[in-house]
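Subject: Model for your files

Hello,

Here is the model we spoke about, with the sequence alongside. My notes on it follow below.

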Amino acid sequence: MSTALVLQSDFGLSDGAVSAMYGVARSVDTSIFIFDLTHDIPPYNIWEASYRLMQTIIYWPEGTIFVSIVDPGVGSDRKSLVVKTASNHYIVTPDNGTLTHIDHNIGIVDARVIDEEINRLPRSGASHTFHGRDIYAYTGARLASKTILFHEVGPTYPMESIIRLPLHQAKISNGMASGIIDILDIRFGNIWTNISRELFQQLGVEYGETVKVTIENHLKIVFSQVLSYGRSFADIGLGEPLVYINSIDHIAIAINQDSFAKAFEIGTGSNWLISIQKASNLSSK
Amino acid sequence: MSTALVLQSDFGLSDGAVSAMYGVARSVDTSIFIFDLTHDIPPYNIWEASYRLMQTIIYWPEGTIFVSIVDPGVGSDRKSLVVKTASNHYIVTPDNGTLTHIDHNIGIVDARVIDEEINRLPRSGASHTFHGRDIYAYTGARLASKTILFHEVGPTYPMESIIRLPLHQAKISNGMASGIIDILDIRFGNIWTNISRELFQQLGVEYGETVKVTIENHLKIVFSQVLSYGRSFADIGLGEPLVYINSIDHIAIAINQDSFAKAFEIGTGSNWLISIQKASNLSSK
Amino acid sequence: MSTALVLQSDFGLSDGAVSAMYGVARSVDTSIFIFDLTHDIPPYNIWEASYRLMQTIIYWPEGTIFVSIVDPGVGSDRKSLVVKTASNHYIVTPDNGTLTHIDHNIGIVDARVIDEEINRLPRSGASHTFHGRDIYAYTGARLASKTILFHEVGPTYPMESIIRLPLHQAKISNGMASGIIDILDIRFGNIWTNISRELFQQLGVEYGETVKVTIENHLKIVFSQVLSYGRSFADIGLGEPLVYINSIDHIAIAINQDSFAKAFEIGTGSNWLISIQKASNLSSK
C-alpha cells in the first residue's frame with residue numbers, strides 16, 4: 001500500500017498546474033493516493049507555507065509524504081530537500097525557509113538534498129520554471145509509491161544548513177505574555193498568535209475571566225481592550241470578541257460570527273506585537 | 001470496501017483545516033475514500049449548508065457518509081447528530097438546522113446523538129473550537145470505514161427534536177404559483193426558487209409560452225416582466241432571460257450567458273418572494 | 001484497475017454541482033479514481049477550456065478519460081463527442097470548440113458522437129440544463145470503469161466536422177517572431193504566447209541576451225521594451241521583467257514576484273499581438 005502524497009503550493013486551482021502534478025504522480029504509480037494541503041498560499045509567501053505545514057502534518061498518518069512548492073527562487077542555486085520530521089513525516093520542498101515552523105515546533109531528524117539529475121521527470125529538462133511538476137511532485141510520488149527510498153533521493157544534507165526564517169519567541173514577564181500575530185484563520189478573520197497555551201496558563205487566567213489585550217504595529221497601539229477568555233464562541237454573544245485557545249493550542253482572538261482582523265484592521269508578521277495580562281492585575285486608573 | 005466519506009464546511013480551502021480533517025480520516029483507515037461536497041459555504045450560513053446537502057446527496061451511492069460542518073455554536077450545548085435519510089445516506093452534523101431541507105425534501109428515518117466522550121479524536125480534548133476535525137471528521141471516517149456502526153455512535157435521538165429552520169411553502173392559487181428565492185446558482189447568477197416542477201405544471205404552461213414573473217423584496221416590487229419558459233438557454237438569444245426547470249426540478253430564472261441575480265440585484269431568503277402566472281391569462285392593460 | 005477520470009468545468013466549487021458529478025461517477029463504479037483539472041474556467045470560456053486541456057493531458061497516463069464541460073449551448077443541437085487523441089487520451093465534451101488546441105497541438109485520431117438515449121443517467125430525462133452530470137460525467141465514468149468501450153458510446157463522427165475556434169499561427173519573418181497572447185498564468189500574472197520555443201530559437205537569442213518586445217491591442221502599442229531573455233526568474237532582480245520559456249515550451253513574459261499582466265494591463269486573445277526581435281538587431285536610434 002502506498003502512503004499518501006499531500007501537495008501544497010501557491011499555484012491556485014484555476015489553471016492546469018496542480019492537475020499536471022497529479023498526472024505526473026499518477027504516471028509514477030496509478031495506485032497512488034494524492035491529496036491537497038492547500039494551493040492557496042499567497043504567491044511567494046514562504047512564511048505561510050511553513051506555517052500551514054506545521055499546522056497540518058501531525059494529523060496525517062506517519063510516513064505521509066508532503067510536497068510544498070512556494071518557490072520564488074526556482075532556477076537559482078537554492079537546494080531541493082527531502083526531510084524527515086520527528087513526527088515521522090517527510091517533506092519535499094525547496095530549501096528557502098519553508099521548513100522553519102516544522103523545525104521549530106516539531107523537529108527535523110534527517111535531511112537529504114535531491115539529486116536533480118536522477119530525480120527529474122523524464123524529458124522535462126528544457127523547462128526551468130516548473131520544478132513543482134518536474135522535480136517535486138515526481139520525487140514525492142516516487143517516495144510515496146516506494147519506487148525509491150528516502151536515502152536514495154541524494155546525499156545527506158547538514159541539518160544546521162537548512163534555511164530558517166527569523167522567528168519571534170513568545171515570552172512572559174511581569175505577569176504579561178507577549179508575542180506576535182503569526183497568521184490569520186483566513187476564512188473567519190480570527191488572529192492566531194505565537195503564544196502557546198502553556199505560556200498563557202502561567203498568567204493564571206481561568207475560563208470566564210478577563211484579560212487586557214494590546215496589539216501594536218510598528219510601535220503604534222492599534223487595539224487595547226479588556227476581553228473575555230473562554231472555551232469557544234458559545235461563551236459570548238454575537239459580535240463580541242473572545243480570547244481562546246485555537247485548534248493548534250495557541251492563543252487566538254475572534255469576534256463571534258464576525259472578522260476580528262477586519263474590524264480592527266489587524267495584520268500578521270513580526271511587526272504585529274501582542275501582549276496579554278490578567279485584567280484583575282491592572283492597576284486602577 | 002469502505003463507503004465514501006464526503007465533507008462539507010464553511011472553512012474554505014485556503015488554510016490547513018480541511019486537510020487536517022482528511023488526515024484524521026486517513027488516520028482512521030488508510031483505505032478510506034474521501035471527497036468534498038463544498039467547503040465554500042458562506043461562513044455560518046446554515047441555510048445554504050442545508051440546501052447543498054439536499055441538492056447533492058441523492059447522486060451518491062446509498063450508504064455514503066456525509067459530514068457537514070457549519071457550526072457557529074461550537075462549544076455550546078448544541079447536539080451532534082448522525083441521521084439516516086430515507087434515501088439511505090448518512091449525515092454527520094451539528095444539530096443547528098443543517099438537516100432542514102433533507103428532512104423536508106428527502107426524509108430522515110433514524111437519528112442518533114453522538115457520544116462525544118467516545119467519538120473523539122484521541123488526545124484532542126483540550127481544543128474546543130475545531131469539532132470538525134476532532135469529532136465530525138473522526139466519527140464520519142469511523143462510520144465510512146465500518147470501524148463503528150450507526151447505532152454505536154450514541155443513543156437514539158427523537159426525530160421531532162431535530163432543529164429545523166422555518167421553510168416557506170410554495171403554493172398555487174388563482175392561476176398564480178408563488179414561492180421564495182431559495183438560493184443562487186452561484187457561478188452563473190441564476191436564481192433558484194422553491195416552486196417545484198409539479199406545482200408549476202398546474203399553471204398549464206408549455207415550453208415556448210410566456211409567463212409573467214414578479215419578484216418582491218420586503219413588499220417592494222423589484223422585478224416584473226413577461227419571460228419565456230423554455231427547456232434550456234438554447235431556446236433564447238444571448239442576454240435574454242429565461243424561466244426553466246433547473247437540475248433539481250425546481251423553477252429557476254437565468255439570463256443566457258449573463259447573471260440574472262446581478263442584473264436585477266436579486267437576493268435570496270424568505271424576504272424574496274416570487275410569483276409566476278401564465279402570460280395569456282393576464283387581463284389586457 | 002479503472003483508469004482515472006479527470007473533470008474540468010466552469011462550475012466553480014462553491015455549490016454542489018461538481019460533487020453531484022463525483023457522486024454519479026462513484027455510482028457507476030465505486031472503485032473509480034476521480035480527479036480535477038480545474039473547475040474555475042471562466043463561465044462560457046471555451047477558449048480557456050480548450051487551452052487547459054492541451055496544457056495538461058499529456059502529463060496523465062495514457063488511457064486517462066477527461067471530461068470537459070463548458071457548455072453554453074446545453075439544450076441546443078450541438079453534438080456531444082468522445083475523441084481519442086494522438087497521445088492516447090480520451091476527451092468527453094460538447095462539440096463547441098473545446099477540442100481546438102488538442103486538435104492543433106496534439107492531434108485527434110478518432111471521434112464518436114454520444115448517443116444520448118443510451119448514455120444518460122437513468123431517470124434524469126426531465127432536466128435539460130445539467131448534461132455535465134447527466135451525460136458527460138456519467139459517460140466518462142462508464143468509459144473509465146470499462147463499463148463501456150470507446151466504440152460503444154455511439155457512431156463514428158467525421159473528424160473534419162469537429163468544431164474548431166480560429167487559431168492565430170505564430171510566425172517568423174525578417175528576424176521578428178510574432179504571435180498572440182494566448183492566456184495568462186493566472187496566479188502569477190505571467191503572459192503566455194503562442195510562440196513556440198522552436199520558432200523563437202530561430203531568432204538566435206541566447207540566455208542572458210536581450211530582446212525587443214512589442215505588444216499591441218487593436219493596433220495600439222501598449223508595451224514596447226527591451227527585456228532580458230533568461231532561464232528563470234532567478235536570472236533577474238525582484239520586480240524586473242523577463243522573457244522565458246514556460247512550462248509548456250512557449251515564450252512567456254513575467255515580472256519577478258509581480259504581475260506583468262496587471263502592471264501593463266495586458267489581456268489575452270487574438271486582438272493581443274506580440275512581436276519579439278533580437279535587441280542587437282535593432283537599428284540604432
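Between chain C and chain B there are twelve residue pairs in polar contact, both residues at pLDDT 80 or more. A polar contact is a pair of N or O atoms within 3.5 Å; within protein, one must be able to donate a hydrogen and the other to accept it, and residues adjacent in sequence count only if both atoms are side-chain atoms. Helix α1 (residues 17-28) of chain C gives the most to the side of chain C that touches chain B, namely eight residues. Helices (H or I, at least four residues) and strands (E, at least two) are DSSP runs, numbered from the N terminus.

This is a predicted model, in which local features need pLDDT of at least 70 and side-chain atom pairs count only at pLDDT 80 or more, while totals for chains, interfaces and linings use all residues. Residues are numbered from 1 along each chain as its sequence is written, chains are lettered from A and ligands numbered from 1 in the order in which they are written, and side-chain values use heavy atoms, with hydrogens and water left out.

The interface of chain C and chain B

The same interface has one salt bridge by the rule, which asks for a side-chain nitrogen of Lys or Arg within 4 Å of a carboxyl oxygen of Asp or Glu. B:Arg187 forms a salt bridge with C:Asp40, and the closest N and O atoms are 2.9 Å apart. Chain C puts 35 residues into the contact and chain B puts in 35 residues, contact meaning heavy atoms within 4.5 Å. About 2800 Å² is buried between chain C and chain B, with carbon and sulfur atoms giving 57% of it. Buried area here is the accessible area (1.4 Å probe) that two parts lose on being put together, summed over both. Of the area that chain C buries against chain B, 22% is supplied by C:Ser14, C:Arg26 and C:Tyr44, more than by any other three residues.

Chain C is superposed on chain B by a rotation of 120° with 0.0 Å of shift along its axis, at an RMSD of 0.0 Å. Of the contact residues of chain C, 3% recur in chain B, and the copies use different surfaces. Superposition is by least squares on the C-alpha atoms of residues with pLDDT of at least 70 in both copies.

The interface of chain A and chain B

One salt bridge is found across the interface of chain A and chain B. A:Arg187 forms a salt bridge with B:Asp40, with 2.9 Å between the closest N and O atoms.

Six strands of chain A form an open sheet in the order β2-β1-β3-β5-β4-β6, with mixed pairing; two strands pair if DSSP finds at least two bridges between them. The edge strands, each pairing on one side only, are β2 (33-36) and β6 (108-113) of chain A. Neighbouring strands of this sheet are turned by 20° against each other on average, direction ignored. Axes are lines fitted to C-alpha atoms, for helices over the stretch in contact, and angles run from 0 to 180 degrees between N-to-C directions.

Strand β1 (residues 4-9) of chain A pairs with β2(A) in the parallel sense over four bridges. A:Ala4 has A:Phe33 as its bridge partner in β2(A). Helix α1 (residues 17-28) of chain B packs on the sheet and touches β1 and β2 of chain A, its direction making about 150° with that of β2(A).

Regards
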